[in-house]
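Morning, everyone. Please bring the model up on your screens, and I'll talk you through it.

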Amino acid sequence: MQLDEFFVTGEPLIYGAMVSIVLVSAAILFILTYYKKWKWLWREWLTTVDHKKIGIMYILSALAMLFRGGVDALMMRTQLAFPDMNFLNSQHYNEIFTTHGTVMIIFMAMPFLIGLMNVVVPLQIGARDVAFPYLNAMSFWSFLFGALLFNISFVIGGSPDAGWTSYTPLAGAAMSPGPGQNFYLLGLQLSGIGTLATGINFMVTIIKMRAPGMKMFQMPIFTWSTFVTSFIIVFAFPILTVALALMTIDRIFGAQFFTLTGEGLPMMWANLFWMWGHPEVYIVILPAFGIFSEVIATFARKQLFGYKAMVWSMILIAGLSFLVWVHHFFTMGAGAFVNSVFSVSTMLIAVPTGVKIFNWLGTLYKSKIQATTAMMWSLAFIPSFVIGGVTGVMLGMAAADYQFHNSYFLVAHFHYVLISGTVFACFSGLVYWYPKMFGHKLNEKIGKLSFWFFVIGFHVCFFPQYFVGLDGMPRRTFAIVLEWMPLNIISTCGAFLMGAGFAIFIYNVYYSFRYSKRETTGDSWDGRTLEWATPTPVPFYNFATVPHIRSNDAYVEMKSKGETTFDEKNLEPIHMPSNTGQPIIMMAIMFMASFFLVFEWIWLAIASLIGVIIMMVIRSFDYDDGFHVEVDEIKRTERSARGL
Amino acid sequence: MSSHELQSGPMEYRTEHGQSSILGFWIFLGAEIVLFSTLFATYAVLFGRTADSPAPAELFELETVLIMTFLLLTSSFTCGIAVHEMRHGSVKGLATWLIITLILGLGFLGFEIYEFFHYAHEGATLQASAFWSSFFTLAGTHGLHVTVGIGWAILLLIQLAQRGLTTVTSRKFFIISLYWHFLDVVWIFIFTSVYLIGMVV
């Protein structure tokens with residue numbers, strides 16, 4: 001292979017990206033060396049098994065991915081603003097809409113939510129870590145290296161260009177030769193390992209490690225949403241694993257699953273992909289529902305209205321999410337009966353979702369609403385999401401879908417649900433739990449400014465797309481006609497407003513780090529659930545003593561009785577897991593294996609896989625049992641944290 | 001994380017970590033069921049799509065497959081005895097029966113590899129047609145699981161020799177026994193829905 005085949009050449013934008021990657025990496029290396037931070041980085045972060053730190057790393061990576069996916073989006077919107085724009089050529093445009101979709105779903109939305117779960121769920125149920133801290137670190141590193149593998153594709157080897165759904169036969173070896181599509185397959189496969197492990201980890205954590213007395217139906221609602229999401233992950237992700245593996249075998253080893261030769265079935269890919277893909281969209285929306293429920297209950301200063309109905313509707317949504325996948329390709333021609341069945345099951349999902357909407361409204365009804373930034377994100381979600389949901393039901397009608405299919409109407413719909421659902425929730429949750437993570441709040445004034453920019457930009461960007469879709473503009477087109485121009489210009493303006501909102505948000509992180517008042521209590525918002533009972537910053541063992549739970553909103557009851565999580569008389573040594581460098585090393589080798597496989601350098605890939613097996617053997621023989629935190633140390637830590 | 005340890009009951013369940021690990025593994029097996037179900041579904045959809053390659057009925061041999069089935073089913077039984085011995089605290093019994101299990105597993109693998117080579121020789125390769133792609137992927141994934149299980153069990157036997165039976169080692173043995181029985185269940189489905197149906201259709 002020639003060097004100019006290895007690196008992507010001929011695109012000024014990509015040369016620019018290469019230069020900036022080199023400069024940023026050099027700057028990071030310089031800063032770490034200059035301030036002698038290597039040891040600190042290794043000891044405190046890269047080898048950590050602490051769920052709070054892993055959560056923070058997830059969120060930071062997700063923000064970086066949001067930036068990358070966002071830049072992709074702005075480039076697309078620029079290209080689409082006017083007819084005959086020569087900003088991106090068709091090939092480059094194909095690559096960018098592919099990476100935009102994949103990055104946003106797999107490497108932004110999911111890790112962002114999993115990051116919040118990591119930080120919050122153990123704290124909400126009174127646990128000292130997740131059930132398998134080592135596995136948790138492995139999950140994170142597999143995600144990070146998977147994301148890295150996918151993202152280097154645009155400078156090395158070339159980006160995938162068959163859409164985030166990668167339909168065959170387009171994505172097959174015959175029509176998409178070269179490493180691009182392999183980056184998609186292996187990047188997703190690598191990060192998928194971690195997602196599955198996270199699902200198992202949180203299921204066990206929530207089943208086995210709740211505080212004494214906490215019944216399932218007393219768990220905070222975000223924990224419930226995590227639990228239900230974990231179920232979906234465990235039952236949906238193996239389908240993706242298989243689908244990706246089959247296409248990999250097709251492309252690299254010449255099998256015939258999805259090919260046009262050898263009696264392969266290209267449309268089987270669409271089925272397998274969406275049998276995972278539809279549950280996947282609920283993987284990124286249910287935790288978002290959980291976050292909104294927490295935030296709304298806290299700032300409405302009321303117990304969540306209809307808690308049980310909320311839980312059951314999530315369970316119902318999770319079940320239904322496995323039964324609707326065909327609605328993504330009604331036009332495939334499965335026949336009227338099949339389409340009708342999936343049409344009905346699709347519309348059924350609106351029922352439990354509607355129940356949830358009314359419960360949020362019920363919580364807000366006659367309450368004293370505090371308009372904090374976190375609450376505003378949550379309040380903006382309700383009407384925006386309803387628009388996205390109602391247009392979803394329109395798309396769910398199979399007959400009508402023949403008109404909407406593949407148009408900007410659909411693009412508008414799924415951005416409405418994914419942004420006002422998932423992205424608003426990520427911002428809401430991040431603002432809400434920020435003080436717990438970093439010891440200070442985000443500035444409210446700047447926060448609201450970024451909120452208004454982003455939310456107004458969002459509606460300006462996507463609302464016109466419904467109409468331009470009805471006017472016949474197809475998705476995935478890189479050129480528009482004059483008739484669609486006005487709405488597209490508006491849409492592009494909206495996209496840049498959103499970009500500005502994101503930039504302000506990031507500025508707020510810096511500003512608040514410099515100027516925000518440091519938290520002195522752990523209870524930043526007068527919260528209702530256990531995570532607020534811990535001091536801030538949270539000691540690495542979370543709870544000096546785990547309270548006994550008797551009701552929903554455990555911390556409300558604790559506060560009324562004057563209880564804390566530091567019951568000096570009942571202190572006992574706490575058992576904690578040790579840090580370990582194994583997960584990052586194992587996943588780094590896995591990354592190498594995947595990278596070699598992308599270029600189909602089979603022997604190098606096998607050599608690296610042997611390295612992975614060696615790491616597993618080392619793990620099997622590792623009997624490190626962690627360590628105990630002694631009572632004296634707990635006392636010292638808690639006293640200084642609580643100012644006693 | 002509590003480090004309290006129960007004083008009675010099976011050793012693998014005495015610590016909280018042991019209980020969590022076993023529950024986690026059950027959930028993992030749930031995911032494995034989905035994984036194999038997807039492969040079975042793929043196989044079912046692609047059944048009969050052999051293009052120019054031989055049909056399964058021409059190649060499947062009842063004899064080989066029956067031997068493989070008996071080897072694997074017996075290995076599941078001996079694996080059960082191994083755990084039974086472990087519950088009685090017998091290191092020697094556990095090791096002996098587990099080694100027998102592994103030998104049976106190796107026998108199964110040997111036949112499977114022979115079978116694959118034989119098919120490939122007859123023109124039924126992974127690349128030959130959609131049907132054979134799905135066949136080799138389904139049976140191959142199962143075979144790969146058996147291989148991993150054998151390697152894993154060998155590691156555990158070394159740990160048994162080093163440390164004897166503790167709450168940790170017995171948990172590991174219990175989990176690998178779950179894994180081994182699971183592979184057996186999968187094989188029963190492969191035997192019936194791949195080989196038996198493939199021979200008559």
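**Around Asp553(A)**

Let's start with a side-chain pair. Asp553(A) and Arg528(A) make a polar contact, side chain to side chain, at 2.9 Å. Keep in mind that this is a predicted model. Where does Asp553(A) sit? In the loop between α17 (485-515) and α18 (554-561) of chain A. Is Asp553(A) buried or exposed? Its relative accessibility is 18%, so Asp553(A) counts as buried, the limit being under 20%. Now its contacts, setting aside neighbours within four places in sequence. Asp553(A) is in contact with Gln303(A) and Arg528(A).

**Salt bridges**

Take Arg301(A) and Asp526(A). They form a salt bridge, with the closest N and O atoms 2.9 Å apart. Arg301(A) lies in the loop between α9 (266-299) and α10 (307-320) of chain A, and Asp526(A) lies in the loop between α17 and α18 of chain A, so the pair ties together parts 225 residues apart in sequence. How accessible are the partners? Arg301(A) is partly exposed, at 29% relative accessibility. Asp526(A) is partly exposed too, at 41%.

Asp526(A) has another partner, Lys559(A). In that salt bridge the closest N and O atoms are 2.6 Å apart. Again the pair links distant parts of the chain: Lys559(A) is in helix α18 of chain A, Asp526(A) is in the loop between α17 and α18, and they are 33 residues apart. Lys559(A) has a relative accessible area of 29%, so it is partly exposed.

Which residues are linked in a network of salt bridges? Arg301(A), Asp523(A), Asp526(A) and Lys559(A).

Stay on α18 for a moment. Lys561(A) and Glu557(A) form a salt bridge, with closest N and O atoms 2.9 Å apart. Both lie in helix α18 of chain A, 4 residues apart, about one turn of the helix. Lys561(A) is partly exposed, with a relative accessible area of 46%. Glu557(A) counts as buried, at 18% relative accessibility.

**Elsewhere in chain A**

Now helix α4 of chain A, residues 51-81. It has 31 residues and reaches 44 Å from first C-alpha to last, close to the 45 Å expected at 1.5 Å a residue. Of those 31 residues, 22 are buried, so α4(A) is largely enclosed by the rest of the structure. Look at the start of α4(A). There, a side-chain oxygen of Asp50(A) comes within 2.8 Å of the backbone nitrogen of Lys52(A).

One more aspartate. Asp401(A) is in helix α14 (residues 398-404) of chain A. Asp401(A) is buried, with a relative accessible area of 3%. What does Asp401(A) touch, not counting residues up to four places away in sequence? Phe330(A), Thr331(A) and Leu395(A). Compare Ser367(A), 34 residues from Asp401(A) along the chain: their C-alpha atoms are separated by 40 Å.

**Chain B**

Over to chain B. It has 6 helices and 0 strands. Its C-alpha atoms fill a box of roughly 65 × 30 × 25 Å along the principal axes. Of its 201 residues, 53% count as buried. Consider contacts in chain B between residues at least 6 apart in sequence. Of these, 79% join residues at least 24 apart.

Helix α4 of chain B, residues 91-121, has 31 residues and should span 45 Å at 1.5 Å a residue; its end C-alpha atoms are 45 Å apart, which agrees. After α4(B) comes Gly123(B), with a positive phi near 100 degrees.

**Where the chains meet**

Last stop, the interface. The contact takes 41 residues from chain B and 40 residues from chain A. The area buried between the two chains is about 3,300 Å², and carbon and sulfur atoms give 70% of that. How many salt bridges cross the interface of chain B and chain A? The rule finds 0. Polar contacts are there, though: 10 residue pairs between chain B and chain A, both residues at pLDDT 80 or more.

Which elements give two or more residues to the side of chain B that touches chain A? They are α1 (16-46), α5 (130-163) and α6 (167-200) of chain B. α1(B) gives the most, with 17 residues. That side of chain B divides into 18 nonpolar, 20 polar and 3 charged residues.

Notes. Residues are numbered from 1 along each chain as its sequence is written. Chains are lettered from A and ligands numbered from 1 in the order in which they are written. Side-chain values use heavy atoms; hydrogens and water are left out. Contact means heavy atoms within 4.5 Å. Buried area is the accessible area (1.4 Å probe) that two parts lose on being put together, summed over both. A salt bridge is a side-chain nitrogen of Lys or Arg within 4 Å of a carboxyl oxygen of Asp or Glu. A polar contact is a pair of N or O atoms within 3.5 Å; within protein, one must be able to donate a hydrogen and the other to accept it, and residues adjacent in sequence count only if both atoms are side-chain atoms. Ala, Val, Leu, Ile, Met, Phe, Trp, Tyr, Cys and Pro count as nonpolar, Asp, Glu, Lys and Arg as charged, and the others, Gly among them, as polar. The expected span of a helix is 1.5 Å times one less than its number of residues. Buried means under 20% relative accessible area, exposed over 50%, partly exposed in between (1.4 Å probe, protein chains only).
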